[in-house]
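Open the structure in your viewer and keep the sequence panel beside it. Each stop below tells you what to select and what is there.

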Amino acid sequence: MTDLQKLTIGKALNLGLRRAMEEDPKVLIMGEDVGKLGGVFRITDGLQKDFGEQRVLDTPLAESGIIGTAVGLAVRGFRPVCEIQFEGFIFPGFDQISSQLAKLHYRTQGKIKMPVVIRVPFGGGIGAVEHHSESPESLFAHIPGLKVVSISNAVDAYWGIQQAIKSDDPILFFEPKRLYHSGALRAEIDVAGTPQQMFSSQVVREGTTATVVAYGPSVKVALDAAAAAEDEGKSLEVIDLRTLSPLDLGPVFESVRKTGRLIALSEAPSESSLTSEIAARVQQECFYSLEAPVLRVTGFDTPYPPAKLEEHYLPDLDRVLHAVDRSLAW
């Protein structure tokens, strides 16, 4: 029996969390303002009302405490879902994530599992103040013992959050905050259907001229660029990474062997980043297929700027198309 609903990313996350809580009484949600307020982006709206204060917990403003408590709850058999209100607030909890959450399963030779999900709204484009628009995902992808996921659409939001919660591994779940309530990204979802495998990359638009690989909020930019490039007679293949650690680069290698060109796109700064890793791996695996060097379109290697300047900082359609032209000029 199908149950089709047309949902934004934000609503899809809310329903995915609700379904996970209905299916497993050990699933808990915790974070700053996630209860009565429903979160600053309203992703947990209504969940405390329906499941109670024992399962949807408003916490103090203490990220280290939130994550440390989640580690303890996981040891006792619960499946905590932590919300970090904005990505820039995660760093007080970095020690708990890197020293405890990522290592306990390995440290105990598999005896203790860490089924903890940390939801992280990330990225720019909302006109916010400092610490509210950053892209720190590369830092966490570098830590062995963590899985790192980044969604770009409502279908992956609904199914991905449920799969993350069911996983026995600790997962950082990065969500593109500026797209939460975008009507243009509403998608029809069979909420009673069968999910696709979340921890894999996916070709979201086929093409032959060049490959553009992206994740999170940058996927929409890549798709918009592909639509514009089509008007110029260029056919861009767009791949959504979906999982950032471990990277699933098989579809990327296959695409590059077909197109001979790759543009790696991300809002994060370029140095020592996921786009760096993608460029290195593609040039290692596809060297004889490349017609041009791998090019990267990223944020700049500076702190995230004030809101007035963010449109100049964030990669946009024009920067992607310029990179395509540069690649074709080789």
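**Before you select**

This is a predicted model: local features need pLDDT of at least 70, side-chain atom pairs count only at pLDDT 80 or more, and totals for chains, interfaces and linings use all residues. Residues are numbered from 1 along each chain as its sequence is written, and side-chain values use heavy atoms, with hydrogens and water left out.

**Stop 1: the whole chain**

Show the cartoon. The chain has twelve helices and 14 strands. These are DSSP runs numbered from the N terminus: helices are H or I with at least four residues, strands are E with at least two. Along the principal axes, the C-alpha atoms fill a box of roughly 60 × 45 × 45 Å.

The radius of gyration is 20 Å, which agrees with the value near 20 Å for a compact globule of 330 residues. That radius is taken over C-alpha atoms, and the globule rule is 2.2 Å times the number of residues to the power 0.38.

Of the 330 residues, 55% count as buried. Buried means under 20% relative accessible area, exposed over 50%, and partly exposed in between (1.4 Å probe, protein chains only).

**Stop 2: the five-stranded sheet**

Select β9, β11, β10, β13 and β14. In that order they form an open sheet with mixed pairing. Two strands pair if DSSP finds at least two bridges between them. Which strands stand at the edges? They are β9 (202–205) and β14, each with a single partner strand, so one side of each is left without a neighbour in the sheet. Neighbouring strands are turned by 25 degrees against each other on average, direction ignored. Axes are lines fitted to C-alpha atoms, for helices over the stretch in contact, and angles run from 0 to 180 degrees between N-to-C directions.

Now go to β9. Three bridges join it to β11 (residues 236–240), and the two run antiparallel. Look for Q202, which stands opposite D240 in β11.

**Stop 3: strand β13**

Select residues 262–269. Is this strand mostly covered or uncovered? Seven of the eight residues of β13 are buried.

- On the β10 side (residues 210–214), three bridges join the strands in parallel. V213 has A264 as its bridge partner in β13.
- On the β14 side (residues 295–299), four bridges pair the strands, again in the parallel sense. I263 stands opposite L295 in β14.

**Stop 4: residue L4**

Select L4 in strand β1 (residues 4–7). Leaving aside neighbours within four places in sequence, L4 is in contact (heavy atoms within 4.5 Å) with E188, I189 and D190.

**Stop 5: residue D33**

Finish in the loop between β2 (27–31) and α2 (47–51), where D33 lies. Is D33 buried or partly exposed? At 35% relative accessibility, D33 counts as partly exposed. Beyond neighbours within four places in sequence, its contacts are G38, G39, D58 and Q85. From D33 to L47 the C-alpha distance is 12 Å, across 14 residues in sequence.
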